[in-house]
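I opened my notebook to record how the parts of this model meet. I looked up one boundary at a time.

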There are 2 protein chains.
Amino acid sequence: MISTKGRYAIRFMMDLAEQSQDRTVPLEETAARQDISKKYLEMIVKILVKGKLVKGISGKGGGYRLTRKPEEYTVGEILELTEGTLAVVACLNEDAEQCPRESICKTLPMWRKFDSLVRDYFFHITIADLINGKV
Amino acid sequence: MISTKGRYAIRFMMDLAEQSQDRTVPLEETAARQDISKKYLEMIVKILVKGKLVKGISGKGGGYRLTRKPEEYTVGEILELTEGTLAVVACLNEDAEQCPRESICKTLPMWRKFDSLVRDYFFHITIADLINGKV
DNA sequence: ACATTTGCCTACTGTGTCAATAGGTTAAAT
DNA sequence: ATTTAACCTATTGACACAGTAGGCAAATGT
């Protein structure tokens, strides 16, 4: 289940992308347009800033700005960053302790294949694709 | 993220399938073999019983039994039953209130397609497949 | 009839995440 | 100096996860 964190993050990025690229967009504006609580969105955007997906500019006339072109962001990386992981099962998480049943587990291949499927899907959709309805 | 509920349920079903079909297998046995807390597994199996995926027989000589052949169970239905839903985002959940943004939501098609992908994957893998390493 | 085995049921607990909210501090522009 | 906006810390209520505890009901073998 993908939480609002990931979903709001995608919508925030899309909103930025849809605005004129040479303008810094205040959070309040996006929050209103997307109908998301400003305070809550703020928390999510902080993750995006830390992950260098967007740049925040303080002070009057400030706001947020993309650091790349819309077609250079994949949904996968946004989700991975905001959700913490895209792994479907705990044992496929990067920082998971090694499972003692790994060598005999008959379900592991299924999870692995599914994991590839998921990654393949989300890492091949860009913000630009979403905006242009190419998905 | 698929929780232990769904994962343990699959392993339980596989364990039953691997035992002689004309035998009722006590939970304690499976719990030991699969290294899962008996009490916790009990709770999960209750869901499987309620969903008619397995039959429980009380009393001495009792235990659990599959109600169909291993190749007639899909991983999808087991997960859907135990996890409550397989939907990736809240708005695709069956009993979700209608989203007011549905008609203008540019991400919805992406979620829908992903949902199909997930279903297509898990509803085409059977317990028999897992046992025979056909996945 | 009785003891034993096994499933079934209710209730509880600690930990963590989700989805927010609140209030204050720093940074930059006019 | 005032305003605007990002940034930071802390707290909250609700809920799910992962289990635990104890007892009741059903069926069997002796």
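I began with a rule: a residue counts as near a strand if its C-beta atom, placed from the backbone, lies within 6 Å of it. I also noted that this is a predicted model.

Entry on the DNA. I looked up the residues around DNA strand C and found 25. Those that come nearest are Ser3(A), Ser37(A), Lys39(A), Gly59(A) and Gly56(B). By class, I wrote down 11 polar, 7 nonpolar and 7 charged residues for the surface near DNA strand C.

Entry on the two chains. I found 21 residues of chain B in contact with 21 residues of chain A. On the chain B side, helix 1 (4-18), helix 5 (108-122) and helix 6 (127-131) each supply at least two residues. Helix 5 of chain B gives the largest share, 6 residues. That side of chain B has 15 nonpolar, 2 polar and 4 charged residues.

Entry on the helix pair. I looked at helix 5 of chain A against helix 5 of chain B. Their axes come within 11 Å and cross at roughly 165°. Angles over 145 degrees count as roughly antiparallel, so helix 5 of chain A is roughly antiparallel to helix 5 of chain B. I noted that their crossing is right-handed. Phe114(A), Leu117(A) and Tyr121(A) make the contact with Phe114(B), Leu117(B) and Tyr121(B).

How values were computed
Residues are numbered from 1 along each chain as its sequence is written. Chains are lettered from A and ligands numbered from 1 in the order in which they are written. This is a predicted model: local features need pLDDT of at least 70, side-chain atom pairs count only at pLDDT 80 or more; totals for chains, interfaces and linings use all residues. Two residues are in contact if their C-beta atoms, placed from the backbone, lie within 7 Å. Helices (H or I, at least four residues) and strands (E, at least two) are DSSP runs, numbered from the N terminus. Ala, Val, Leu, Ile, Met, Phe, Trp, Tyr, Cys and Pro count as nonpolar, Asp, Glu, Lys and Arg as charged, and the others, Gly among them, as polar. Axes are lines fitted to C-alpha atoms, for helices over the stretch in contact, and angles run from 0 to 180 degrees between N-to-C directions. Angles under 35 degrees count as roughly parallel, over 145 as roughly antiparallel, 65 to 115 as roughly perpendicular and the rest as oblique. A crossing is left-handed if the near helix is turned anticlockwise from the far one by less than a right angle, and right-handed if clockwise.
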